[in-house]
Amino acid sequence: MSGGRPGLRVGLTGGLGSGKSTAAAMLAKKGAHILSADEIGRSLMQPGTAVFAAIVERFGPNVLLPEGYLNRPLLARLAFSEGRVEELNAIVHPATIALQNELSEEIFARDPQAVLVVESALIFETRHGSGWRNRFDHLVLVTAPDSLKMDRFVTRAGGGDTEALRAEASRRLGQMIPDEIKAAQCDFVLQNDGSLAHLSEQVDALWLALSSGVD
């Protein structure tokens, strides 16, 4: 960044199928440091971790595969289809946010002017941690029509009962805060309802603002 400005903490959010991971990858190519909440959460849910032990204690040994790992599809079904998502979030989110903060400090220690982007679907939804207003300098929402999000979810699943997958996508989207409410609280909104080139143009403008140390 120019002028010796301090680094920026940027929250990048969007519902399933919005394309936030694609936007994050584009920002990474421009020099942003990316922390994925999903990847951090997965690392914390491996056997031998405190989070893993707490999940098994809360949800029971039936959530384990024969190999000793968590049965993630079953856990997702219990969370999203049986109304236990907050039970799971209460275990995973505090540990995820704590590790995000730790990794963030390591990045800024190496590069005080870094643009750090935390990619997370649940920045607004999580009820745990210190709150997003205290964690980020700027918020970016990646959005698309719900019908397109569901199409992407089905495509990403790589086969199966299309109707059931769309119903699952709709159920998950219904548990999230609507994009129009999030957009009003975000500094930047990326409309991912067209081509990759169109998204790339918006990311270019976003990066110009962030790397210039936008206030």
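Tutor: Helices (H or I, at least four residues) and strands (E, at least two) are DSSP runs, numbered from the N terminus. This is a predicted model: local features need pLDDT of at least 70, and side-chain atom pairs count only at pLDDT 80 or more, while totals for chains, interfaces and linings use all residues. Residues are numbered from 1 along each chain as its sequence is written, and side-chain values use heavy atoms, without hydrogens and water.

Student: In which helix is confidence lowest?

Tutor: pLDDT is the predictor's confidence in each residue, from 0 to 100. The protein has a mean of 90, and 93% of its residues reach 70 or more. Strand β5 (residues 188–191) has the highest confidence, at 98. The lowest, a mean of 76, belongs to residues 132–135, helix α6.

Student: What is the volume of the largest pocket?

Tutor: On a 1 Å grid over the protein atoms alone, a pocket is an open set of points where a 1.4 Å probe fits, with protein on both sides within 12 Å along at least five of seven lines; lining residues have an atom within 4 Å of a point. Points are joined across faces, edges and corners, and a volume is the space filled by probe spheres set on them. For the largest pocket that gives about 1400 Å³.

Student: Which element supplies the largest share of its lining?

Tutor: The lining has 47 residues, with Asp 38, Phe 80, Ala 121, Leu 122 and Arg 172 nearest the pocket centre. Elements that each supply at least two residues include α1 (20–30), α2 (37–44), β3 (115–119) and α7 (146–157). The largest share, 9 residues, comes from α5.

Student: How many residues of the lining are charged?

Tutor: Ala, Val, Leu, Ile, Met, Phe, Trp, Tyr, Cys and Pro count as nonpolar, Asp, Glu, Lys and Arg as charged, and the others, Gly among them, as polar. The lining has 20 nonpolar and 15 polar residues. Its charged residues number 12.

Student: Is α2 oblique or roughly perpendicular to α5?

Tutor: Axes are lines fitted to C-alpha atoms, for helices over the stretch in contact, and angles run from 0 to 180 degrees between N-to-C directions. Under 35 degrees counts as roughly parallel, over 145 as roughly antiparallel, 65 to 115 as roughly perpendicular and the rest as oblique. The axes of α2 and α5 come within 9 Å and cross at roughly 115°. That makes α2, relative to α5, roughly perpendicular.

Student: How does α1 lie against α10?

Tutor: α1 and helix α10 (residues 196–211) have axes 10 Å apart and pack at about 50°. So α1 to α10 is oblique.
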